[in-house]
Amino acid sequence: MSFELRGIDKLNDQERMDELINYIKIQLGDEDDSLALMSNISSFIMATIANLNWAGFYFLKENELVLGPFQGLPACTRLSLDKGVCAKAFREAKITKVDDVHEFADHIACDSASESELVIPLFYEDKVYGVLDLDSPSKNNFTDIEVNGFRKIGKLIEEKIYLG
Ligand code: SME
């Protein structure tokens with residue numbers, strides 16, 4: 001597939017989200033390999049959604065969340081299940097939005113530029129197995145557009161990217 005980014009900067013946030021969802025649907029139709037899908041999905045996210053500094057996956061392994069495909073600066077490879085925003089979203093199996101990470105007691109700062117964060121739990125057969133983590137360098141970056149859009153994206157991708 002070809003990915004035409006020209007003009008993305010002229011779109012508003014909802015239009016960018018709609019574009020992202022379209023690209024992801026096309027990619028899911030074209031490819032079955034989980035790692036290939038996750039790698040491109042993290043890149044699609046960074047290329048379409050404004051004002052992000054990190055987008056990627058963590059998966060439960062050996063009682064920790066272990067880093068998966070992502071875009072952004074190098075990140076913590078392992079997160080314990082009792083600390084941080086990703087772990088909270090995982091434990092509670094609930095989308096978690098933090099408007100100011102400096103006010104979240106045990107936020108884990110992998111990239112010191114991060115100011116707000118949105119984490120989407122991923123499910124296989126109704127059991128949470130990982131998260132999609134999004135970081136922004138601005139406080140209060142994530143609105144209902146991103147919460148609803150990424151909820152939908154989580155549902156679209158979660159069964160297909162499951163590694164077992
Ligand atoms: N901030 C996350 C850790 C992952 S990095 O942001 C990529 C957390 O508190 O769980």
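A polar contact is taken here as a pair of N or O atoms within 3.5 Å; within protein, one must be able to donate a hydrogen and the other to accept it, and residues adjacent in sequence count only if both atoms are side-chain atoms. The model is predicted, with local features needing pLDDT of at least 70 and side-chain atom pairs counted only at pLDDT 80 or more, whereas totals for chains, interfaces and linings use all residues. Residues are numbered from 1 along each chain as its sequence is written, and side-chain values use heavy atoms, with hydrogens and water left out.

View 1. An oxygen atom of the ligand lies 2.7 Å from a polar side-chain atom of Asp 135. A nitrogen atom of the ligand is 3.0 Å from an N or O atom in the side chain of Glu 117, and a ligand nitrogen atom is 2.7 Å from a polar backbone atom of Ile 108. The protein buries 100% of the 310 Å² that the ligand exposes when taken alone (accessible areas come from the Shrake-Rupley method with a 1.4 Å probe; for residues, only the protein chains shown count as cover).

**View 2. The shell around the ligand.** The residues surrounding the ligand include Trp 54, Tyr 58, His 107 and Asp 133, where a residue is near a molecule or strand if one of its heavy atoms lies within 4 Å of it. Strand E1 (54–61), helix H3 (85–92) and strand E6 (127–136) each supply at least two residues of this shell; helices (H or I, at least four residues) and strands (E, at least two) are DSSP runs, numbered from the N terminus.

**View 3. The largest cavity.** The space taken by the ligand is the largest cavity, which holds about 140 Å³ of space. On a 1 Å grid over the protein atoms alone, a cavity is a set of points where a 1.4 Å probe fits but cannot get out, and a pocket is an open set with protein on both sides within 12 Å along at least five of seven lines; lining residues have an atom within 4 Å of a point. Of the 16 residues that line the largest cavity, Cys 86, Ile 108, Cys 110, Glu 117 and Asp 133 are the closest to its centre.

**View 4. The largest pocket.** About 230 Å³ of space lies in the largest pocket, a volume being the space filled by probe spheres set on grid points that are joined across faces, edges and corners. Among the residues lining the largest pocket are Phe 59, Tyr 124, Tyr 129 and Tyr 162, and E1 and E6 are the elements that give two or more residues to this lining.

Key
A molecule sits in a cavity or pocket if more than half of its atoms lie within 2 Å of its grid points.
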